[in-house]
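Me: I would like to go through this structure and ask what lies behind the words used for it. Please set each value against its cut-off.

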Amino acid sequence: MQKMEWALIAVLGTGLGACLEGKAEIGEDDTGSSDGDTDGDKDADTDPACGSTQGFVYGVVSGPSGQGPNGDASVWAWDEDGDQTAAEVSSDGTYELNVEGGETYILYAEAYGCYSGDVEVAVEACEEVEVDIEIVDCDVADKPNLYLYPEVDTKMAVRVDHGRKQEIVASDPPHGDDGWFGIAHPDGTFTQDGDRAPFLFYEVSLAPWQGRTHQREAGWCIAGGPDAVDEMAKILEAYDFNAGEVDDFVEAWRHDLPPARAYSVYPQREVAHMAELVMAPELPVDRLWLLVEEGSGCAPLYEPDVVPMDRRGAHGVEWGVILHGLGR
């Protein structure tokens with residue numbers, strides 16, 4: 001999978017302070033100055049009172065997928081020789097990094113298998129530089145809707161099991177750390193904590209290696225425009241999703257599908273390696289995720305051999321979408 005284009009917001013602010021051991025206080029008076037300047041703004045190259053060769057980089061890392069500060073993120077800096085230094089990241093997403101002054105560094109952040117772009121920053125000795133890093137996009141399994149159809153009302157525990165570098169970025173009802181606990185009804189609805197939801201909804205980030213597993217050999221070319229979502233809905237109908245499930249798909253994507261001249265659409269039937277469903281008692285679940293890519297250069301593809309889902313007896317079905325290379 002080609003590397004996603006990442007956006008990075010970097011706010012650079014500098015303030016020269018006293019000798020840095022950890023983060024210096026911006027604006028702190030330098031009482032050791034020999035020139036009478038006490039405003040805290042010093043030229044580290046000429047100020048003999050500084051006495052340090054180190055600079056300091058700090059900021060907040062946030063994301064992916066529009067989330068706020070991320071205390072689970074990792075931040076690194078590479079110097080001009082290619083040596084790497086890891087930052088200390090706190091639970092509130094703030095990070096701190098002491099580096100050797102007088103060099104240019106490349107900063108880079110990662111969280112749950114999603115990555116920021118690189119930012120270049122020059123740091124002088126005794127200089128503080130603020131760099132806020134935001135991971136604003138990531139391959140995500142969007143809006144999987146899971147419908148469970150037991151034959152009678154059934155108490156169930158359902159969990160979306162994912163890799164260490166993935167995260168459930170949205171869910172309704174709340175998925176929590178341990179999944180959903182409630183009653184699955186024969187009409188596909190699910191009651192948790194007294195609230196009845198029409199289906200189990202979640203979104204999960206995908207690690208880069210998972211993107212390389214998507215099949216792109218069989219699919220459809222769909223023209224862009226107002227009818228694109230309806231054309232994709234016909235794919236769900238061919239797999240035997242019922243009218244209510246198809247209507248939910250159209251409602252979910254009518255206004256959220258990014259515009260494009262055309263779309264390449266590849267069905268993914270094997271998705272457990274990206275998000276495994278663990279439930280008790282177990283139900284057989286047929287799953288279909290559509291990988292949707294910008295398709296203005298869509299080459300003729302051979303159409304998939306569509307095998308309708310087995311909807312006999314107690315069962316479940318799920319549809320989802322993976323947008324790749326399409327801006328929101």
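Me: Which residues is Ala 86 in contact with, leaving aside its neighbours within four places in sequence?
Reply: In this predicted model, Ala 86 is in contact with Val 75, Trp 76 and Leu 97. A contact requires heavy atoms within 4.5 Å. Trp 76 is ten residues away along the chain, and its C-alpha atom is separated from that of Ala 86 by 4.5 Å. Ala 86 itself belongs to strand S4, residues 84–86.

Me: Why does Ala 86 count as exposed?
Reply: Its relative accessibility is 54%. The word exposed applies over 50%, so Ala 86 counts as exposed.

Me: What makes Cys 221 and Cys 298 a disulfide?
Reply: The sulfur atoms of Cys 221 and Cys 298 are 1.9 Å apart. The rule asks for cysteine sulfur atoms within 2.5 Å, so this pair qualifies as a disulfide. By this rule the count comes to one disulfide.

Me: Where in the chain do Cys 221 and Cys 298 lie?
Reply: Cys 221 is in strand S19, and Cys 298 is in the loop between S22 and S23. They are 77 residues apart, and the pair links distant parts of the chain.

Me: Why do Cys 221 and Cys 298 count as partly exposed?
Reply: Partly exposed covers the range between the buried limit of 20% and the exposed limit of 50%. Cys 221 has 43% relative accessibility, so it counts as partly exposed. Cys 298 has 24%, so it is also partly exposed.

Me: What is cis about the bond from Asp 172 to Pro 173?
Reply: The peptide bond there has omega near 0° and is cis. Pro 173 lies in the loop between strand S14 (168–172) and strand S15 (180–184). A cis peptide bond also joins Ala 280 and Pro 281, with omega about -5°. Pro 281 is in the loop between S21 and S22.

Me: What makes up the largest nonpolar core?
Reply: It has 31 residues, and those with the most contacts inside it are Phe 241, Phe 249, Leu 257, Tyr 263, Val 265 and Val 292. Elements that each supply at least two residues include helix H2 (228–238), helix H3 (243–253), strand S20 (262–268) and strand S22 (285–294). H2 gives the most, with six residues.

Me: Which residues does Phe 249 touch, not counting those up to four places away in sequence?
Reply: Phe 249 touches Val 229, Met 232, Ala 233, Leu 236, Leu 290, Trp 319 and Val 321.

Me: How much space lies in the second largest pocket?
Reply: About 250 Å³ of space lies in it. Of the 14 residues that line this pocket, the closest to its centre are Ala 272, Leu 277, Val 285, Asp 286 and Arg 287. Strand S21 (276–280) and S22 each supply at least two residues of the lining. The largest share, four residues, comes from S21.

Technical notes:
Residues are numbered from 1 along each chain as its sequence is written. This is a predicted model: local features need pLDDT of at least 70, side-chain atom pairs count only at pLDDT 80 or more; totals for chains, interfaces and linings use all residues. Side-chain values use heavy atoms; hydrogens and water are left out. A nonpolar core is a set of buried Ala, Val, Leu, Ile, Met, Phe, Trp, Tyr and Cys residues joined through side-chain atoms within 4.5 Å. Buried means under 20% relative accessible area, exposed over 50%, partly exposed in between (1.4 Å probe, protein chains only). On a 1 Å grid over the protein atoms alone, a cavity is a set of points where a 1.4 Å probe fits but cannot get out, and a pocket is an open set with protein on both sides within 12 Å along at least five of seven lines; lining residues have an atom within 4 Å of a point. Grid points are joined across faces, edges and corners, and a volume is the space filled by probe spheres set on the points.
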